[in-house]
Amino acid sequence: MIVKNIKLIGAIITFNIFIGFGCTYKQIIEPKVSQELVSFKSDIIPIFENNCISCHSTQSIPPVLLSQNAFLTLTQNSYLNTDIPEDSRLMVKVNSNHPNQLSPTSFEKQVLLQWIKEGANNN
Ligand code: HEC
């Protein structure tokens, strides 16, 4: 009887942990990506500033990702593929072995991809 109860309690705890993680995931990931459009100026530029411009701020390491250059650099040099966003040179490089110690978080990568999926607007 006691053994049976312990098993039941264990199952309840496991179930609650599972549900708990499910909720955390939804709260963190869904609001930004699914409800409003990603903004180039307020979502994408800060990702570049936090993770990229320490290296990508001069022509010696293209693409130049400073706020005043990033949009034209990316759109005019075919770094983006709005037909197959995952194949964009930008995304392939961000997801690959890159000489980058400060690599973006998986959430930041998701925001970058979502921005391209929405048509890579200068918004
Ligand atoms: C520690 C320095 C460093 C940081 C930080 C860095 N990069 Fe790079 N990146 C490089 C160097 C060096 C190259 C060229 C060598 C290579 O392609 O691996 C490069 C290449 C690239 C390329 C390919 C260029 C081409 O013409 O094909 C892209 C796209 C790129 N980086 C995007 C990014 C993005 C986006 C970030 C931020 C999320 C970032 N990089 C952060 C150093 C860096």
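Me: How many helices and strands does the chain have?
Reply: Helices (H or I, at least four residues) and strands (E, at least two) are DSSP runs, numbered from the N terminus. Here the chain has five helices and zero strands. Mind that this is a predicted model: local features need pLDDT of at least 70, side-chain atom pairs count only at pLDDT 80 or more, and totals for chains, interfaces and linings use all residues. Residues are numbered from 1 along each chain as its sequence is written.

Me: How do α2 and α5 cross?
Reply: Two packed helices are described by the angle between their axes and the distance between the axes. Axes are lines fitted to C-alpha atoms, for helices over the stretch in contact, with angles from 0 to 180 degrees between N-to-C directions. For α2 (residues 40–51) and α5 (residues 106–117), the axes come within 10 Å and cross at roughly 135 degrees. That makes α2 oblique to α5, since angles under 35 degrees count as roughly parallel, over 145 as roughly antiparallel, 65 to 115 as roughly perpendicular and the rest as oblique.

Me: Is Ser88 buried or exposed?
Reply: A residue is buried if 20 or more other C-beta atoms, placed from the backbone, lie within 10 Å of its own, exposed if 12 or fewer, and partly exposed in between. Ser88 has 22 within 10 Å, so Ser88 is buried. You'll find Ser88 in the loop between α3 (70–76) and α4 (89–95).

Me: And how far apart are Ser88 and Ile116?
Reply: They're 28 residues apart in sequence and 8.5 Å apart in space, C-alpha to C-alpha.
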